[in-house]
Amino acid sequence: MPLVARFLKIAALAAATLLGACGGGGGSAGGTGGPPLTDAGFLRLALTDAPACGYSQIDVTVLKVRVHPSSTAADGDAGWSEVVLSSPQRIDLLALTNGVVLELGQVMLPVGNYRQMSLVLVNNDATTPLANAVTPVGLAEAPLAIPASLQGGLKIPIDIDVVKNQITDEVIDFDACNSVLRLGAPGSYQLSPKYSIIRRVSTTGQRVTGYVATSLDPSTTRISLQSGGTIVRSTAPDPTGRFVLYPVPAGTGTYDLVVSALGRVPALITGVPEIDTASTDINTNAVPIDPPPSVTRTVTGTVSTGTTPIDARVAIVKPYAGGPNVVVAGAPANGTTGALAYTVSSQAPVRAAFSAGTPPAFSADNSAPTGRYTVAVTAGGTTKTADVDATGGDPAPVTFTFP
């Protein structure tokens with residue numbers, strides 16, 4: 001059975017199990033046997049992911065999801081409500097791309113505003129040493145360590161209103177590529193989660209679809225929607241070149257769509273609309289996006305933070321003439337050495353403006369130097385940048401020191 005079909009079958013069975021186990025049955029808060037709720041609504045939760053870089057599989061084992069009205073509530077404080085799974089579910093995050101969403105279930109909650117979510121994972125131990133694990137491309141599966149500070153749950157700031165007799169539908173967007181720190185020892189990895197919450201308001205909209213050329217390798221190609229140089233959704237194409245970006249945050253206007261592929265120039269489409277009730281279709285498979293080939297260079301450098309492990313995210317930003325600046329690559333620096341290395345195009349990127357029903361008409365952005373990039377590194381809430389020129393050769397290594 002193909003991987004996607006096999007996963008969808010597993011996801012459907014898991015969703016059915018989770019829905020049967022969720023709080024909300026019996027009309028008590030969080031399904032914990034508390035007093036009946038008279039002013040209550042429902043919170044429905046699902047999980048999705050962005051594509052990872054350099055991994056063929058990233059597994060986490062989910063035990064439950066908790067929510068609390070206070071953004072500062074500790075794990076042991078009263079007031080938590082829970083979506084509890086009937087049994088822990090081991091989920092391959094990399095199967096949750098290209099529009100695939102895994103339903104986690106729903107819970108009945110008192111009406112009000114909730115400010116904190118906690119995704120609780122099963123910890124690796126002698127019984128389940130690979131409850132959370134990664135499989136790098138071409139290598140064996142290895143444990144994904146959970147730091148002690150996260151073993152009570154992965155904390156997610158939220159601002160969710162539960163309304164009487166209504167379902168609030170939220171998707172946890174788990175960015176796997178930016179959530180795994182590679183450490184110095186072979187086969188050593190640590191979780192440093194990066195995620196966001198997206199409200200679902202429609203089953204037919206909040207999606208952008210299209211096609212890239214099948215000559216682009218899905219394992220090294222990323223399609224992303226960006227706003228102000230920040231990635232809001234990303235995915236890899238399937239073997240037919242089709243991509244689906246879902247769910248896209250609702251009510252936010254237009255986005256920049258960026259295609260980044262190894263050995264090709266970056267391709268940008270501006271003004272891509274998000275529609276709450278319908279899909280935005282970029283093109284058909286008859287006219288796929290096929291960025292021109294390019295000579296490549298390597299951007300290298302190091303990051304130091306004075307902490308162990310080094311927890312720093314790297315973004316390679318491509319500036320277009322007159323804007324925008326878009327992210328074309330990124331991942332955490334090596335957690336032990338602080339090393340970073342990215343392959344970039346040295347030649348002119350291309351751009352087009354979105355036009356409904358018309359294939360994008362790309363033109364080259366020949367502003368010199370064509371291989372200009374900005375390396376942006378974020379650590380401890382601070383971002384530092386350095387400009388590099390990869391037009392004529394590999395640029396000199398860049399160095400970042402925090403704080």
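How many residues in the lining of the second largest pocket are nonpolar, polar and charged? I opened the predicted model and sorted the lining by class: 13 nonpolar, 13 polar and seven charged residues.

**Entry: the pocket**

I looked up the volume of the second largest pocket, which is about 780 Å³. I found 33 residues lining this pocket, and the closest to its centre are Asp 175, Asn 178, Lys 194, Thr 230 and Arg 313.

I then checked which strands contribute to the lining. At least two residues each come from β10 (167-175), β13 (195-199), β16 (230-235), β22 (313-319), β23 (325-332), β27 (372-379) and β28 (382-389). I noted that β16 gives the largest share, five residues.

**Entry: peptide bonds and phi**

I recorded a cis bond between Ala 368 and Pro 369, with omega about -5 degrees. Pro 369 sits in the loop between β26 (363-364) and β27. I recorded another cis bond between Phe 402 and Pro 403, with omega about 0 degrees. Pro 403 belongs to the segment after β29 (398-401).

For phi, I noted a positive value at Asn 98, near 55 degrees. Asn 98 is in the loop between β4 (81-92) and β5 (102-110). Asn 165 also has a positive phi, near 60 degrees, and I placed Asn 165 in the loop between β9 (154-162) and β10.

Notes
Residues are numbered from 1 along each chain as its sequence is written. This is a predicted model: local features need pLDDT of at least 70, side-chain atom pairs count only at pLDDT 80 or more; totals for chains, interfaces and linings use all residues. Side-chain values use heavy atoms; hydrogens and water are left out. On a 1 Å grid over the protein atoms alone, a cavity is a set of points where a 1.4 Å probe fits but cannot get out, and a pocket is an open set with protein on both sides within 12 Å along at least five of seven lines; lining residues have an atom within 4 Å of a point. Grid points are joined across faces, edges and corners, and a volume is the space filled by probe spheres set on the points. Helices (H or I, at least four residues) and strands (E, at least two) are DSSP runs, numbered from the N terminus. Ala, Val, Leu, Ile, Met, Phe, Trp, Tyr, Cys and Pro count as nonpolar, Asp, Glu, Lys and Arg as charged, and the others, Gly among them, as polar.
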